[in-house]
Amino acid sequence: RQFMSDLLGAGPPPSDFKGGDGIDMAAWKATYDASSAKDAAMMEKFWSVYDPSSTSIWTMVYDEADSNENLDETVEIVKEFMSKTESIKDHCWGVMHVLGEGLEIEGLWVFNGEE
């Protein structure tokens, strides 16, 4: 897990992390799902609800990309992972992609809370 310091700076120090409600994940997911364009306007909407004192952003990279042999099996890995996040869906939102010929899996996650 790596904080997205290239987009947000170093993030707030732990003493500044106030907690709180964070993003209304259901509303954000509905906004994201309803938009056909995942563009700068969508990002503006995200940044308007993001509060670094109550929400954290994480990137992820699947460590075992070397074992991904075909696209269908790799997509199944992503689907299975996403299905296992069902129990925390009210507290997070994520996007995962299979990239390139190496079938690397990368994602971005937003969580209400510091970690």
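This is a predicted model: local features need pLDDT of at least 70, side-chain atom pairs count only at pLDDT 80 or more; totals for chains, interfaces and linings use all residues.
A nonpolar core is a set of buried Ala, Val, Leu, Ile, Met, Phe, Trp, Tyr and Cys residues joined through side-chain atoms within 4.5 Å.

**First stop: the largest core.** Select I23, M25, W28, Y32, M42, F46, Y50, I57, W93, V95 and V110; these 11 residues form the largest nonpolar core. Colouring by element shows that α2 (25-34), α3 (40-49) and β3 (92-99) each give two or more residues to this core. The largest share, three residues, is that of α2.

Next, select F46 on its own. Leaving aside residues up to four places away in sequence, F46 is in contact with I23, W28, I57 and V110. Another core, of six residues, lies apart from the largest one; V78, M96, I105 and W109 are among its members.

**Second stop: T74.** Proceed to helix α4 (residues 71-84), where T74 is located. T74 counts as buried because its relative accessibility is 1%, and the limit for buried is under 20%. Display the side chain of T74: one of its polar atoms lies 2.9 Å from the backbone oxygen of N70. Beyond four places in sequence, the residues that T74 touches are N68, V98, L103 and I105.

Move to the loop between α3 and β2 (55-61), which holds D51. With a relative accessible area of 33%, D51 is partly exposed. Its side chain makes a polar contact, at 2.8 Å, with the side chain of S53. Finally, select D51 together with N112: they are 61 residues apart in sequence, and their C-alpha atoms are 9.4 Å apart in space.

Note on methods. Residues are numbered from 1 along each chain as its sequence is written. Side-chain values use heavy atoms; hydrogens and water are left out. Buried means under 20% relative accessible area, exposed over 50%, partly exposed in between (1.4 Å probe, protein chains only). Helices (H or I, at least four residues) and strands (E, at least two) are DSSP runs, numbered from the N terminus. Contact means heavy atoms within 4.5 Å. A polar contact is a pair of N or O atoms within 3.5 Å; within protein, one must be able to donate a hydrogen and the other to accept it, and residues adjacent in sequence count only if both atoms are side-chain atoms.
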